[in-house]
Structure formats: structure tokens, C-alpha cells
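Student: I have not seen this structure before. Please pick a single part of it and take me through that part closely.

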Amino acid sequence: MDKVCAIFGGSRGIGRAVAQLMARKGYRLAIIARNLEGAKAAAGDLGGDHLAFSCDVAKEHDVQNTFEEMEKHLGRVNFLVNAAGINRDSLLVRTKTEDMVSQLHTNLLGSMLTCKAAMRAMIQQQGGSIVNVGSIVGLKGNSGQSVYSASKGGLVGFSRALAKEVARKKIRVNVVAPGFVHTDMTKDLKEEHLKKKIPLGRFGEAIEVAHAVVFLLESPYVTGHVLVVDGGLQLIL
Ligand code: NDP
């Protein structure tokens, strides 16, 4: 059976690093993001026979169409990575309702929709592996990130429940929870100040998170696990 992996949020940051690692391991990849040009550029950089798709994970019909297109052009998806995510950091009293909705829809509902869409083919194949990218703040909380933390905390509950639901079908569901990682999402943060708080003294790199994602994707006896990749931040939060 071909190893076909759909990477939502694969055009930049952590998802892109996962794609680079998996391309080297011989997977056929679907690189998915809202911006098709970005997804195409990322897929093209991988070399080989990988495809790009435009999809907003927050929109159910987009997700369904993307799974239909992937199956048509790549075959059944048996590996799924949910790395699409956004943040709209602000204190709750200043957070607009539309920013609450967009974070919950992209970070939580989006992963639910892609997991649901992936289930049919995974159940038919009697196997599959999913990694959802959460965050350390989903476990510990962070001031100025209450809604983002809720979206990522919800993702842990969702993933663990789904892991129980589908284990008998030999489908595994795990979570990687990163700390601060150098990507577009963190480029405006005050790194010099923040890194003093991190036990390992630095931000992580996307490839360091990608190794954890691929480890869980490929670990046949691990499900319902949350793997923290945060330079030790959880020790002091
Ligand atoms: P980036 O901003 O670098 O990349 C985000 C990716 O998600 C892009 O490919 C983007 O493409 C895609 N994306 C965003 N919204 C949507 C959407 N609605 N539908 C489909 N694709 C979408 O982020 P990171 O790589 O830093 O983050 C990856 C994941 O890791 C996120 O879930 C994030 O919350 C999480 N995380 C990141 C941390 C960090 O420090 N960087 C720390 C902890 C967790 P496009 O814009 O074209 O849609």
C-alpha cells in the first residue's frame, strides 16, 4: 500500500518541516493550505510526485472536496497531519468575537473536520495514523491566549477521545504540543525576553517539532499520547 499523507498547513512552518522529513522517507504527500501558490511552492521544493491543494480547514465543503481530490489523484490517505493553525493573541476582554470564532474554527473544528473526512478511507483500509499539532498552552494556559489555549486544549480532549473510538480499527491519534518555535507565527514575539524563561534557553526549530510528529505517525503501539516539544517550558509553567 502507498504511504499517502495529507499535511494541512504544510505550506509553511511546522507543517512544511514535516513535509520535508516525510518526502525524504518516501511518502506521497498532499500539501494543503488556503493559499494555493504557497502550497504549490512547498510541494515543488520537495521534488518528486507531491501535490498541492487549496483548502480552508474551517469550511466543511472545502475539506470534503479536498479529500475527494486527494483520493482521486494520490489514492487513499492513510496518514494525516493537522498543522494548520492561527493565533489572535489578546486579553479576553479585548478579544473580538470574530477572532474567537476564527481561532476555534481553524484550530479545533478544522482538525475535527479533517479527521472525520479521513475516517472513511482509514476504516476501509483498517488502519491509519493521525497527528494533531496542539500547543503547550493548551495544557498549561497562557495569559493573553485564553481562546487559543482553549482551542488547543480542546484538541487534546478531541484527539484522546477519538483515539479510544477508533483504536479497534487500528487507527491511531496522537498530539504534539510545541512550545515557542521559529515560524511566521512567532516572528513578532520578543524572543530575547521570552527565551530567558525556557529551560533550554532558546526557541525550537520547526524541524525539531517535525521529528516528533513523524515519530508519532510511525509508532505502531502509541495512541492517545500528547508529546510535548517545548525546550522544558512545561517544567516552569
Ligand atoms: P505558520 O503560521 O508558520 O503556518 C501555518 C500554516 O497553516 C500555513 O501553512 C497556513 O497556510 C496554514 N493555515 C492557516 N490557517 C489555515 C486554514 N484556515 N486552512 C488551511 N490552512 C491554514 O504556523 P506554525 O507552523 O507556527 O504553526 C503550525 C501549528 O503549530 C499551528 O497549529 C500552531 O498553532 C501550532 N503551534 C505553533 C507554535 C509556534 O511557536 N510556532 C507553538 C505551538 C503550537 P495559509 O495561510 O496559506 O492557509
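Tutor: What follows is a close look at one strand and the parts around it.

The model is predicted, so local features are given only where pLDDT is at least 70 and side-chain atom pairs only at pLDDT 80 or more, while totals for chains, interfaces and linings use all residues. Residue numbers start from 1 along each chain, in the order in which its sequence is written.

The part is strand 6, residues 171–178. Helices (H or I, at least four residues) and strands (E, at least two) are DSSP runs, numbered from the N terminus.

Of its 8 residues, 8 are buried, so strand 6 is largely enclosed by the rest of the structure. A residue counts as buried if 20 or more other C-beta atoms lie within 10 Å of its own, as exposed if 12 or fewer do, and as partly exposed in between, with C-beta atoms placed from the backbone. In a regular strand, side chains alternate between the two faces of the sheet. Here both faces are covered: one side carries the buried residues Ile171, Val173, Val175 and Ala177, and the other carries Arg172, Asn174, Val176 and Pro178, also buried.

Next come the neighbours within the sheet. Two strands pair if DSSP finds at least two bridges between them. Strand 6 pairs with strand 5 (residues 128–133) in the parallel sense, over 6 bridges, and Val131 stands opposite Asn174. Strand 9 (residues 226–229) also runs parallel to strand 6, joined to it by 4 bridges. There, Val175 has Val226 as its bridge partner, and Val176 stands opposite Leu227.

These strands belong to an open sheet of 7 strands in the order 3-2-1-4-5-6-9, with parallel pairing. Strand 3 (51–54) and strand 9 are at the edges with a single partner strand each, so one side of each has no neighbour in the sheet. From one strand to the next, the twist averages 20°.

Finally, two helices lie across strand 6. Helix 6 (residues 146–166) lies across strand 5, strand 6 and strand 9, at about 160° to strand 6. Helix 4 lies across strand 1 (4–8), strand 4 (79–82), strand 5 and strand 6, at about 170° to strand 5. Contact means C-beta atoms, placed from the backbone, within 7 Å; axes are lines fitted to C-alpha atoms, for helices over the stretch in contact, and angles run from 0 to 180 degrees between N-to-C directions.
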